[in-house]
Amino acid sequence: MEFRNKGIGAVALIAAGVLSISAAQATTYGTSAPGSTTVAPQITQQASSQASNMIAGRISQAVAGAVGNIGGGLAPSGSGFGNGGTPAPATPAPQSSLELGGGGAAGEPGRRLALWTNASNSWIANNQTGVNFAGTIQTAVIGADYLFTDKIIGGITGGYEHPDIHTKFNAGTFKGNNVAITPYAAYIIDDIFSVDATAGYTFVSYDITRSSNSITGSTDGHRLAGSADLNANKTIDSWVLGSSLGASYLNEVQNAYTETGAGGTAVGQNDVRLGQAHLTGKAGYLVTQPWGSITPYGSARMEYDFNHNAAVVRDVQGDLASNSRFGTVFGLGADAAVGNFTTLNLEGTTTQFRENVSAYMVSASVRVKF
């Protein structure tokens, strides 16, 4: 069942648009360019996507549990993990497709509350001369959700982002320590369709250096982000098929600051924006085990940026940085159900078709119902 790979910035793993700079800053290039005016949008979009994808995955598991499924996808008929099947020897199946909390044995009270945590690391790079950079982004999220009725789920998360980027074009760095709060909700239409939505607020703080750390600066601000998706799934024998169609938007404001050190300049307020439409397809194969089940899967997420920052001027000739609107995120992973109330996930993704940009991510999560 597909409720993953949705992004508040997308769920894309990265959008390649970069921030347009003001007329006063347009004459700064290469080693004299403040890193915040060049890399901030790409880093913002990637970090936001990581966090939103984590939340999307946990919404998927919450909905799967609510409709009596295990491991994030519908079980095939007769597997012991869906309606009408014979329970597996060590892991009894839910007896109703809308059993309270899902995943419980027959006669056992349903569990409506779930706690979960997820962590990821991505490697991101831009190889275009004049704006080239490389580094990592670590993201951690902890959350809780509650099944209010057989069809309505609500939850909230707290998250942390740490971008650590080497801005090669100006011999500098771009580092952040950001904290986010994100409520979310899902409505289960039936055992195939559901809708979900998220809305988040992030407190951002960045430290920037250039010219081999001889010039430094720092800024703070905030990010607003939201997304909505329509999801569907279908099972054919042991194959679990899913799709998701949605849109997301984010806007991050980074306050003006003045660099310190010889050659430091005043850097104006940055406004980073990304509006994105996305379509995701996912296919997995459910394998039952005495201890539960495991579902290896593959996924592809097509992204189109209908609104993003204009390209930055990257050299004295006036050449622009690449600013692709289209990209695709390919993923491989596995969902696992251990017993009746614990689900695990491990996933790796790669972003393709964004000109001059590459991104790879690994993530892991655990979710427990109480």
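Q: What pLDDT does the protein chain average?
A: This is a predicted model, and pLDDT is the predictor's confidence in each residue, from 0 to 100. In this chain, 79% of the residues score at least 70. The average pLDDT of the chain is 79.

Q: How many contacts beyond near neighbours in sequence does the model have for residues 1–28?
A: Over this stretch the pLDDT is below 50. Where pLDDT is low, the predicted coordinates should not be read in detail. With that caution in mind, the number of contacts in the model for residues 1–28 is 165.

Q: Which element gives the most residues to the largest nonpolar core?
A: This core has 16 residues, and those touching the most other members are V39, I43, I124, F133, I165 and F174. Two or more residues come from each of α1 (36–66), β2 (133–147) and β6 (193–210). The element that gives the most, with four residues, is α1.

Q: How many residues are in the other core, which includes I59 and V141?
A: This core lies apart from the largest one. A66 and I188 are also among its members. Its number of residues is 15.

Q: Where in the chain does the salt-bridge partner of K282 lie?
A: The side chain of K282 meets that of D335 in a salt bridge, at 3.7 Å from N to O. Both of these residues are buried. K282 belongs to strand β11 (residues 270–285), and 53 residues separate the two partners. D335 lies in strand β14.

Q: Is R354 buried or exposed?
A: R354 lies in the loop between β15 and β16. Its relative accessibility is 3%, and the cut-off for buried is under 20%. R354 therefore counts as buried.

Q: Which residues are joined with R354 into one network of salt bridges?
A: R354 forms a salt bridge with E303, with the closest N and O atoms 3.2 Å apart, and another with D305 at 2.9 Å. D305 is in strand β13, so its bridge to the loop between β15 and β16 ties together parts that are 49 residues apart in sequence. E303 counts as buried at 1% relative accessibility, and so does D305 at 0%. Through shared partners, the network joins R354 with R301, E303 and D305.

Q: What is the arrangement of the aromatic pair formed by F330 and F353?
A: The structure holds five aromatic pairs, and this one links strand β14 (residues 326–338) with the loop between β15 (342–352) and β16 (357–369). The ring centres are 6.2 Å apart, with 75° between the planes. Because planes over 60 degrees apart count as edge-to-face, the arrangement is edge-to-face.

Definitions and conventions. Residues numbered from 1 in each chain as written. Predicted model: local features only at pLDDT ≥ 70, side-chain atom pairs only at ≥ 80, totals over all residues. Heavy atoms only, no water. Phe/Tyr/Trp six-rings, centres within 6.5 Å; stacked < 30°, edge-to-face > 60°. Contact = heavy atoms within 4.5 Å. Salt bridge = Lys/Arg side-chain N within 4 Å of Asp/Glu carboxyl O. Buried < 20%, exposed > 50% of the residue type's maximum accessible area, 1.4 Å probe, protein only. Core = buried A, V, L, I, M, F, W, Y, C linked by side-chain atoms within 4.5 Å.
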